[in-house]
Protein chains: 2
Amino acid sequence: MAQLDHTHDPKLESWVASANGHADFPIQNLPLGVFSPRGGGPRGGVAIGDRILDLPAALAAGLFTGEAARAAEAASGAALNAFLALGAGPRQALRRRLSEILAQGSPDQGKADGCLQAASDCTLHLPARIGDYTDFYVGIHHATNVGKQFRPDNPLLPNYKHVPIGYHGRASSIRPSGVPVRRPRGQTKPPDASEPGFRPSQRLDYELELGVWIGPGNELGEPIGIAEAPGHIGGYCLLNDWSARDIQAWEYQPLGPFLAKNFASTISAWIVTPEALAPFRIPQPSRPEGDPAPLPYLTDEADRNEGGLDLELEVLILTPAMREKRLPPHCVALSNARHMYWTVAQMVTHHTCNGCNLQPGDLLGTGTISGPDQESCGSILETTLGGKNPIVLASGEERRFLEDGDEVILRARSRKEGFAPIGFGECRATILPSL
Amino acid sequence: MAQLDHTHDPKLESWVASANGHADFPIQNLPLGVFSPRGGGPRGGVAIGDRILDLPAALAAGLFTGEAARAAEAASGAALNAFLALGAGPRQALRRRLSEILAQGSPDQGKADGCLQAASDCTLHLPARIGDYTDFYVGIHHATNVGKQFRPDNPLLPNYKHVPIGYHGRASSIRPSGVPVRRPRGQTKPPDASEPGFRPSQRLDYELELGVWIGPGNELGEPIGIAEAPGHIGGYCLLNDWSARDIQAWEYQPLGPFLAKNFASTISAWIVTPEALAPFRIPQPSRPEGDPAPLPYLTDEADRNEGGLDLELEVLILTPAMREKRLPPHCVALSNARHMYWTVAQMVTHHTCNGCNLQPGDLLGTGTISGPDQESCGSILETTLGGKNPIVLASGEERRFLEDGDEVILRARSRKEGFAPIGFGECRATILPSL
């Protein structure tokens with residue numbers, strides 16, 4: 001696991017004034033991404049306050065040497081796969097050097113200032129070419145809640161507490177925050193219909209997930225042991241795994257969700273590094289009395305001690321009427337990554353235990369992270385009990401499922417006494433009407 | 001659908017003598033792939049008899065002009081994605097020109113002869129970078145046979161005859177014919193065990209499938225109508241979707257197969273074009289009396305008339321003992337692509353009906369194509385009834401599931417009176433013992 005060092009010092013301030021006290025991107029965060037400045041092509045950058053440090057420009061200005069320069073070079077192109085492949089050493093060297101460059105009183109301020117872009121003038125892209133996307137199901141409250149609706153007699157299946165359940169998702173339809181999502185059409189069979197029909201989904205939902213970027217991969221046939229798994233994790237993002245529940249209910253047996261999910265997934269555009277999250281590691285949440293112990297291949301003391309993550313996760317909705325009335329987005333769920341039943345290291349190790357190869361830039365989703373109560377449900381299906389109990393928004397509007405024009409916003413915040421809070425930046429998208 | 005022209009003339013012969021009467025690669029086939037000659041790097045090529053035409057060399061020799069040159073250029077690199085993106089027009093122009101160049105009496109023989117490599121001296125690679133891999137389930141006999149074993153009361157679920165069921169697979173672990181496959185380890189829970197364990201799979205299986213290469217893709221949010229679907233199909237291959245049945249039985253609910261499948265898939269290395277297969281199109285097999293008609297979005301007259309494919313599909317096994325005794329591979333199943341319940345065009349249209357985007361070089365699998373009887377089952381799970389009735393091989397050995405050292409070979413052959421038979425080349429791999 002990543003060590004704490006001076007880059008985590010909560011007293012550290014940046015000469016980029018907007019960074020100090022910034023909700024997402026203070027100097028203690030330093031996430032990486034790919035952006036285009038106005039009139040320019042895509043390139044690697046680092047978020048700092050409301051600015052983006054242009055990495056190829058900073059390299060050209062001679063701000064990096066040695067291992068940090070190697071990392072900055074790998075993070076300068078239109079996709080960060082090469083940077084992710086480098087792993088922890090170069091990534092940490094880059095973080096230390098970025099912290100120096102951007103710190104209050106840095107002798108490099110003059111050179112670096114010319115490499116900053118206003119984030120509001122830039123377009124954010126996917127930070128990497130996603131080879132394969134896998135979605136897990138480690139939110140046990142979500143699995144139980146949804147299980148009750150799809151299988152009332154049998155909510156949590158017998159394998160759940162033994163297997164970090166996962167399945168393959170669609171990589172091609174993942175888009176960065178801000179790209180609208182078109183309501184999908186598909187086959188559905190309402191409970192009262194004798195035959196299925198083809199129509200726009202009537203039960204469109206969000207899913208509050210954490211995304212995990214794979215750093216160095218493994219060769220086909222060579223599993224990643226649980227102790228080595230953290231070395232293969234390149235960073236984190238927010239993930240909204242949009243779901244059409246009516247399509248899902250009709251199609252998902254026996255091979256799992258397909259068109260109910262693959263029309264779009266939205267991620268936050270910045271890769272938040274394991275180092276930035278190091279202060280917020282917690283022990284893996286203890287399993288309820290009577291739950292089976294994980295099998296030995298999923299068991300590791302370090303993972304048990306610090307495999308969890310204390311990260312507040314929030315879902316907000318902004319409707320067209322709210323936008324018109326200038327109301328702020330309405331929080332419909334507040335959850336926390338600590339509600340994961342399996343750790344990210346366990347996800348990585350399980351994924352590769354059969355020899356399956358992960359590659360730099362692959363994306364893992366945790367699955368929906370719901371908390372134990374109705375206010376912490378990560379999908380509207382859970383919050384409204386399948387549409388039965390509508391959410392009432394600040395505008396007075398009701399929502400059983402998402403409507404056209406609704407914007408869904410995910411946020412993540414880490415807070416811990418003695419450390420600067422950091423965030424992930426937003427993961428947001430608006431629903432367009434069906435074709 | 002592709003038209004018949006002089007390139008399909010069964011009397012056409014090539015000056016490449018081994019092509020004439022070749023089981024797979026006569027001049028009527030002309031499949032494309034990526035190969036490395038001895039000591040050289042990967043590049044595009046065309047299989048002709050026991051030779052490979054080096055496309056960049058043929059381009060440099062001035063053998064192509066116009067649209068055929070554009071296609072040959074796109075097919076010259078280390079991956080054919082750019083060629084697949086071009087679609088039917090350039091692909092057909094290239095086919096016509098290749099047929100001219102390689103035909104008996106061609107004035108280009110002198111130039112082209114220098115561009116041939118002996119296939120036995122070359123290494124074959126994956127023909128494209130596979131972005132996403134989707135596996136369908138269109139073999140209705142397979143779905144019924146397997147359904148009986150996993151769900152005795154409920155073999156074919158109510159959605160099967162309405163929905164071309166599919167799910168996402170793993171792209172990173174797809175390998176070309178010849179690359180060995182390591183027996184996976186994983187969680188299994190034998191029927192008599194109270195708790196799951198972690199061990200090498202004891203029920204390792206093959207799956208006989210057809211692979212479909214996506215040609216031009218579609219934009220996210222823009223479905224491909226059924227009439228347009230054939231224009232998005234770039235070619236075909238054989239696909240062995242290796243499956244660990246004991247891992248599958250324990251993990252697959254509720255989200256579908258995951259580690260039971262993603263440790264390896266093997267494909268034949270040559271892209272057999274829709275043009276090469278044009279003579280072997282047949283009407284979509286008629287649905288049994290009483291089956292529902294497909295919904296309108298999956299209905300098209302041309303697809304009904306020629307959406308099927310008459311293609312013999314064969315599974316052979318070669319064990320170490322057979323290799324020692326110099327016995328030939330033993331045929332354990334003979335099936336046919338005509339047993340698909342849904343057409344490839346229906347697969348493409350269904351996949352995109354929610355707006356999901358396909359990209360050039362994506363791979364679709366049909367799912368296991370079993371015929372109606374015990375001799376035409378495309379998986380050993382079906383042939384042996386879940387291991388109960390072993391296969392007896394020519395060597396006298398029995399197989400309930402695959403053993404270490406076994407080699408599985410898939411073959412495809414199209415035959416029709418008045419046309420030259422063509423094949424796909426082999427799709428073969430040997431099982432290595434578990435780590």
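A:E100 and A:R97 are separated by about one helical turn, because they sit 3 residues apart in helix α4 (residues 88–102) of chain A. Helices here are DSSP runs of H or I with at least four residues, strands are runs of E with at least two, and both are numbered from the N terminus. The side chains of A:E100 and A:R97 meet in a salt bridge, 2.7 Å from N to O. A salt bridge is a side-chain nitrogen of Lys or Arg within 4 Å of a carboxyl oxygen of Asp or Glu. Over all chains, the whole structure holds 48 salt bridges.

This is a predicted model, in which local features need pLDDT of at least 70 and side-chain atom pairs count only at pLDDT 80 or more, while totals for chains, interfaces and linings use all residues. Residues are numbered from 1 along each chain as its sequence is written, chains are lettered from A and ligands numbered from 1 in the order in which they are written, and side-chain values use heavy atoms, with hydrogens and water left out.

Stay with α4 of chain A. The axes of helix α2 (residues 66–74) of chain A and α4(A) come within 8 Å and cross at roughly 100 degrees. Axes are lines fitted to C-alpha atoms, for helices over the stretch in contact, and angles run from 0 to 180 degrees between N-to-C directions. The two helices, α2(A) and α4(A), are therefore roughly perpendicular; that label covers 65 to 115 degrees, with under 35 as roughly parallel, over 145 as roughly antiparallel and the rest as oblique. From α2(A) come A:E67, A:A68, A:R70, A:A71 and A:A72, and from α4(A) come A:G89, A:P90, A:A93, A:L94 and A:R97. Contact means heavy atoms within 4.5 Å. By class, this contact has 6 nonpolar, 1 polar and 3 charged residues. Ala, Val, Leu, Ile, Met, Phe, Trp, Tyr, Cys and Pro count as nonpolar, Asp, Glu, Lys and Arg as charged, and the others, Gly among them, as polar.

Now turn to chain B. Helix α2 (residues 66–74) and helix α4 (residues 88–102) of chain B pack at about 100 degrees, their axes 8 Å apart. That makes α2(B) roughly perpendicular to α4(B).

Next comes the meeting of the chains. In chain B, 57 residues are in contact with 57 residues of chain A. The area buried between them is about 5,300 Å², and carbon and sulfur atoms give 61% of it. Buried area is the accessible area (1.4 Å probe) that two parts lose on being put together, summed over both. On the chain B side, B:R170, B:L255 and B:F258 lose the most area to chain A, together 15% of what that side buries.

Charged pairs also span the interface. The rule finds 4 salt bridges between chain B and chain A. A:R170 forms a salt bridge with B:D132, with the closest N and O atoms 3.5 Å apart. Several elements of chain B give two or more residues to the side that touches chain A, including β6 (133–136), α7 (245–251) and α11 (344–352). Strand β7(B) gives the most, with 4 residues. That side of chain B divides into 28 nonpolar, 20 polar and 9 charged residues.

Finally, look at the backbone. Most residues other than glycine have a negative phi, and most peptide bonds are trans. The bond from A:Q253 to A:P254 is cis, with omega near 5 degrees. A:P254 lies in the loop between α7 (245–251) and β16 (265–267) of chain A. In chain B, the bond from B:Q253 to B:P254 is cis, with omega near 5 degrees. A:R326 is not a glycine, yet has a positive phi of about 55 degrees.
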